[in-house]
Amino acid sequence: MASLFSGRILIRNNSDQDEVETEAELSRRLENRLVLLFFGASACPQCQAFAPVLKDFFVRLTDEFYVLRAAQLALVYVSQDPTEEQQDLFLRDMPEKWLFLPFHDELRRDLGRQFSVHQLPAVVVLKPGGDVLTSDATEEIQRLGPACFANWQEAAELLDRSFLQPEDLDEPARRSITEPLRRRKYRVDRDVGRERGRNGRDSGDPQGDAGARAELW
């Protein structure tokens with residue numbers, strides 16, 4: 001995926017507008033991720049209406065306030081603004097994790113032609129390898145919200161390897177030597193609980209059935 005922007009500078013949408021200019025950092029931010037190319041413009045009313053929806057979509061998938069781990073997702077704003085001031089104005093309230101191309105980079109226009117973008121706003125979803133997964137996900141994002149990421153992840157066969165420990169990738173997880181003891185204890189505790197439940201019901205104890213039901217939860 002980083003090859004799409006090879007030799008280019010991407011800018012982080014933070015207060016300092018830090019440049020992502022090394023190939024290593026570019027790869028770290030884009031590789032093994034689904035990449036959204038967001039084509040929009042400040043002067044476009046439809047883009048203005050869609051931008052808060054896309055912002056919420058992105059934040060709910062990547063912000064630690066909502067998720068324990070950020071989704072394997074990156075977004076590059078491909079500005080179609082007529083001036084740099086309008087581009088900056090559009091990005092002012094957007095997430096800091098968004099990336100964007102410098103205003104004077106002609107790749108902004110070339111990408112529109114490359115991905116056949118004919119109207120704004122448009123969100124092109126790319127697989128980690130660079131193939132197009134969805135030519136325009138605007139309507140899908142509005143309709144499904146963050147739920148559509150799981151659909152894309154499955155369609156792209158994106159394996160989230162970071163859920164596994166390094167040794168788990170090649171061999172089954174090792175069992176603790178105390179695991180059989182824990183299993184036996186669980187069986188004993190469970191059988192004792194069942195026996196108590198039977199005694200409660202047999203003796204006419206009104207708490208017997210309620211107690212068993214509470215234990216299930």
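This is a predicted model: local features need pLDDT of at least 70, side-chain atom pairs count only at pLDDT 80 or more; totals for chains, interfaces and linings use all residues.

Visitor: Understood. Which residues of strand 6 are buried on one side and on the other?
Guide: On one side they are Ala 122, Val 124 and Leu 126, and on the other Val 123 and Val 125, so that both faces of strand 6 are covered.

Visitor: Why is strand 6 described as largely enclosed?
Guide: Because 5 of the 5 residues in strand 6, which spans residues 122-126, are buried.

Visitor: How many bridges link strand 3 and strand 6, and in what sense do they pair?
Guide: Strand 3, residues 34-40, pairs with strand 6 in the antiparallel sense over 5 bridges. Within that pairing, Phe 39 stands opposite Ala 122.

Visitor: And what about strand 7?
Guide: Strand 7, residues 132-134, is paired with strand 6 over 2 bridges, in the antiparallel sense. Thr 134 of strand 7 is the bridge partner of Val 125. The hairpin of these two strands has 5 residues between them, and Gly 130 takes a positive phi near 105° there.

Visitor: Changing topic, where is Asn 13?
Guide: Asn 13 lies in the loop that runs between strand 1 (10-12) and strand 2 (19-20).

Visitor: Buried or exposed?
Guide: Asn 13 is buried, because its relative accessible area of 8% falls under the 20% limit.

Visitor: What does the side chain of Asn 13 reach?
Guide: It reaches the backbone oxygen of Pro 95, at 3.2 Å. Leaving aside neighbours within four places in sequence, the contacts of Asn 13 include Leu 91, Met 94, Trp 98 and Phe 100.

How values were computed
Residues are numbered from 1 along each chain as its sequence is written. Side-chain values use heavy atoms; hydrogens and water are left out. Helices (H or I, at least four residues) and strands (E, at least two) are DSSP runs, numbered from the N terminus. Buried means under 20% relative accessible area, exposed over 50%, partly exposed in between (1.4 Å probe, protein chains only). A polar contact is a pair of N or O atoms within 3.5 Å; within protein, one must be able to donate a hydrogen and the other to accept it, and residues adjacent in sequence count only if both atoms are side-chain atoms. Contact means heavy atoms within 4.5 Å. Two strands pair if DSSP finds at least two bridges between them.
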